[in-house]
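Let's take a walk through this fold, starting with one side chain and then stepping back to the whole chain. Keep the viewer open as you read.

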Amino acid sequence: MTGVLLDSVAAATPADAVPVLNSTAVRLLDAAVPATPDAGPHDPLLRLLVPHGLALLRRVGDDVSAAADALAVVTRLCVALHRTGDYLSAGETARTAADLAERRLGAEHRLVLAARSRAGRALFRLGRYAEAEQLLGQVRAAQERLLGADDPDTLDSGHGLQLVLGNLGRPEEALALLRATVAGRRRTLGPFHPLTLRSRSSLLVLLSAADVVTEDGGALLSLPDVCVRALGPDHTVTLGAHHNHAWAMYQLGRLDAADQEIRLVTAAYRRRFGPDYPIALSAQQLLARTRAALGHPDAAVDLMTDVVARRERALGPGHPFTVASRRLLDDLASGNRHPPRT
């Protein structure tokens, strides 16, 4: 319907006024998409914007400037969809938008590569790790060649790729890439930028217990406090730093501290995002671990039973996250107070 409307308006518009029509349509879409997408509960209104954005990309014809502007807005829409947990819509929209814009902008245009990177991030969240690795690896290599290793887009793809590598059981590669991403973001964005702090926070998960206390001169374990000062206590990155710090505490055997911290994080996530949100379930899974380690097996099993049920409904029984959660539930139900990392 949107495409028909745009075509009908364009058909009645003089040729010299079509660029104005295109730019106006882009501005209207831009105003409807969050300027800085943040994590949040599912928003069905975002999905309603998808056909408008794709129709606009189909309509702009040879107007290269309008195609670039439209793609930038649609990619930001994909980020918003992704951060509300709508990974399927985010991935499909990013892929289609990149395909449409590539015809006018070329395969190596910065914005086309950014859209494909976003599609790769969605593939990871959908559990399609091999496809995500291939796409993100290709995009990052092109970005590094064309834009440089420290370009923000290259670094964004690097952060996404390290998540994939870690979940593919290649922690050494993931850690090397994450360290390079942290260093690049520090140089390019500064030490207190949210993206720099987010990448540093990921080190708390990838590093071994022995290394986490010595990384960055021993400063990594104070990262949540840094985030509070730089971003505020309620910022998404700050909450994520507390979440990952609780994991580090668990790995170090500081169980009471880990349990207290992840209790607060789990409660904050549930209030802000709802009980089905992916990172809320991840936090609840860590809480099950700390509860079991502190000698509360029944509470741990109850928590993990809920996680498995919610992940099965949202992701399906075969998704890697669901499989890992079910394996952890089985371990906890068998009385294993310190189940292996899954």
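Is H245 buried or exposed? H245 is buried, because its relative accessible area is 12%, and buried here means under 20% relative accessible area, with exposed being over 50% and partly exposed in between (1.4 Å probe, protein chains only). Before going further, note that this is a predicted model, in which local features need pLDDT of at least 70 and side-chain atom pairs count only at pLDDT 80 or more, while totals for chains, interfaces and linings use all residues. Residues are numbered from 1 along each chain as its sequence is written, and side-chain values use heavy atoms, with hydrogens and water left out.

Back to H245, then. You'll find H245 in helix 13, which covers residues 236–251; helices (H or I, at least four residues) and strands (E, at least two) are DSSP runs, numbered from the N terminus. Setting aside residues up to four places away in sequence, H245 touches L204, L221, P224 and E261, where contact means heavy atoms within 4.5 Å. Take P224 from that list: P224 and H245 are 21 residues apart along the chain, and their C-alpha atoms are separated by 7.3 Å.

Now zoom out. The protein chain has 17 helices and 0 strands. Its radius of gyration is 22 Å, close to the 20 Å that the globule rule gives for 342 residues, so the chain is as compact as a globular protein of that length. That radius is taken over C-alpha atoms, and the globule rule is 2.2 Å times the number of residues to the power 0.38. Along the principal axes, the C-alpha atoms fill a box of roughly 75 × 40 × 35 Å. Of the 342 residues, 49% count as buried. As for contacts with a separation of 6 or more, residues 24 or more positions apart account for 62% of them.

What about the inside? The largest nonpolar core has 94 residues, and L57, L71 and M304 are those with the most contacts inside it. Such a core is a set of buried Ala, Val, Leu, Ile, Met, Phe, Trp, Tyr and Cys residues joined through side-chain atoms within 4.5 Å. Helix 4 (residues 64–83) gives the most to this core, with 11 residues. Leaving aside neighbours within four places in sequence, L57 is in contact with A67, A70, L71, V74, A97, L100, A101 and R104.

While you're at helix 4, have a look at T75, which sits in that helix. T75 is buried, at a relative accessible area of 14%, and beyond residues up to four places away in sequence it touches A114 and A115.

Next comes an arginine. R291 belongs to helix 15 (residues 278–293) and, at 13% relative accessibility, counts as buried. Not counting residues up to four places away in sequence, R291 touches D259, R263, H296, A299, A300 and L303. R263 lies 28 residues from R291 along the chain, with 9.9 Å between their C-alpha atoms.

One last stop is a loop. D216 is found between helix 11 (209–212) and helix 12 (223–231). The residue is partly exposed, with a relative accessible area of 36%, and D216 has a positive phi of about 55° although it is not a glycine.
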